[in-house]
Amino acid sequence: MNDFEDIQLLRAIRQGDATAFQNLYRRHRSGLYSFALLHSGAPDVAADVVQEVFMGLLSDSYGFDPLKGMLANFLYGVARNLVLSHARQNRRWVQPIQEDDGDDSLDQVVDTAAEPLARLLDDEAAGHLRRALAALAPHYRDVLILFELHEKSYQEIAQICQLEIGTVRSRLSRGRAALAKALEPYRANAKDIA
Amino acid sequence: MNSFDFDDDRNAANGRAPEWEVARRTLAQAAPPDQVEQALLRAFAIRHAPRPWYRRWDIDAVASWAGIGALGCVLAIVGMSLLPGEPRSPHVVRVLAAADVGFVSIVSPERMAAAVNPQLKQADLPRSALVQMGIPIVADAPNELVHAELMVAATGEPLAIRLAVN
């Protein structure tokens, strides 16, 4: 995604160009929505987050500074904060999966708001991923989604999540291990069925 | 190799779950409902709606523009007062030359008035040259140099002269 084009669009937006605003929204909506969707597990929350991100951009309440980084990463950072804030308000977060947890416990900890997402991610493997992600702690989820789904670099993730690069690396490593553990029961089930 | 160094090596061999590929394909076209875009465009339209002229002025804006204007006036006055008093245009030169009683006209008033782009120059002239110009000066020491200011036409013709006062 070309950051120069984003800056041009931002300039046009500040001059009242509605088409520029629409173009900017369409450039970033999918990435932000999928991030918020996998993070929160709830399409309604994800849609709210995307809307709030762009409302903030419109009112300039987040104070984006092009000298400090790319607009896309800035928007992901705002979206992440909004998802976390929403989760705190609604106490939707689940505890990280424990070592002895099995299929049943996984199903129990998954947020019920995730059901529409289950319909969206109707592929079995994607469904497994969704459930396993829901069982992870949010700080692992952040890094995993940005790295694996959005293919952000360590540097970008550090910027988005306001972390040191070393912390990003360690969280990614632990997050991957936790995710693999959370996925084990699903994979075992799939093998049994096959 | 550091076990964490897989920034540019995102594959299953380095711990990537294959389920991510499926998720990426499935979510590639995911987008918020159209209502979100509509709500945003409505908000944009409200924020950028044209306002009548009398609502574009609030007291803060008027005060700040008045302050800027006052500051500009002060700077302009100070700047003009610091400008050098040397004549800048033929018209100014003519007016000043006519007004300055220290200058002695060498040519007729018509030629003086018709002179194009006259300039003020300083020179050390021998007394004899001054006498030839008709300046009432004592020529007992013809080679003695006298400092003078000359009004000279663009053609080089001297129009008026003022002798320096020692």
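Colleague: Before we start, how do the numbers and letters work here?

Modeller: Residues count from 1 along each chain as its sequence is written, while chains are lettered from A and ligands numbered from 1 in the order in which they are written. The model is predicted, with local features needing pLDDT of at least 70 and side-chain atom pairs counting only at pLDDT 80 or more, though totals for chains, interfaces and linings use all residues.

Colleague: OK, how many helices and strands are there in chain A?

Modeller: Ten helices and zero strands. Both are DSSP runs numbered from the N terminus, helices being H or I with at least four residues and strands E with at least two.

Colleague: And what pattern does chain B follow?

Modeller: Along the sequence chain B reads α-α-α-α-β-α-β-α-β-β, which comes to six helices and four strands.

Colleague: How much of each chain is buried?

Modeller: In chain A, 45% of the 194 residues count as buried; in chain B, 13% of the 166 residues do. Buried is 20 or more other C-beta atoms within 10 Å of a residue's own, exposed is 12 or fewer, and partly exposed is in between, with C-beta atoms placed from the backbone.

Colleague: Let's look at helix packing. How do α2(A) and α4(A) sit?

Modeller: Helix α2 (residues 18-40) of chain A packs against helix α4 (residues 71-90) of chain A at an angle of about 30°, with the axes 10 Å apart. Axes are lines fitted to C-alpha atoms, for helices over the stretch in contact, and angles run from 0 to 180 degrees between N-to-C directions. So α2(A) and α4(A) are roughly parallel to each other; that label covers angles under 35 degrees, with over 145 roughly antiparallel, 65 to 115 roughly perpendicular and the rest oblique.

Colleague: Which residues meet there?

Modeller: From α2(A), A:Leu32, A:Phe35 and A:Ala36 are among them, and from α4(A) the list includes A:Leu75, A:Ala79 and A:Val83. By class, that contact of α2(A) with α4(A) has nine nonpolar, four polar and no charged residues. Nonpolar covers Ala, Val, Leu, Ile, Met, Phe, Trp, Tyr, Cys and Pro, charged covers Asp, Glu, Lys and Arg, and the others, Gly among them, are polar.

Colleague: What about α2(A) with α3(A), at what angle do they cross?

Modeller: Roughly 140°, with the axes coming within 8 Å. That makes α2(A) oblique to α3(A). Residues meeting there include A:Tyr25 and A:Leu37 in α2(A), and A:Val49 and A:Val53 in α3(A).

Colleague: Which residues touch the most other members in the largest nonpolar core?

Modeller: A:Ala36, A:Val50, A:Val53 and A:Ala79, out of 61 residues. A nonpolar core is a set of buried Ala, Val, Leu, Ile, Met, Phe, Trp, Tyr and Cys residues joined through C-beta atoms within 7 Å. Another core lies apart from it, with nine residues, including B:Met151 and B:Ile161.

Colleague: What does A:Val53 contact?

Modeller: Leaving aside neighbours within four places in sequence, A:Val53 is in contact with A:Leu32, A:Leu75, A:Val78, A:Ala79 and A:Leu82. In contact means C-beta atoms, placed from the backbone, within 7 Å.

Colleague: Last topic: how many residues does the contact take from chain A and chain B?

Modeller: There are 34 residues from chain A and 28 residues from chain B. On the side of chain A that touches chain B, α2(A) gives the most, with nine residues. By class, that side of chain A has 20 nonpolar, eight polar and six charged residues.

Notes
Contact = placed C-beta atoms within 7 Å.
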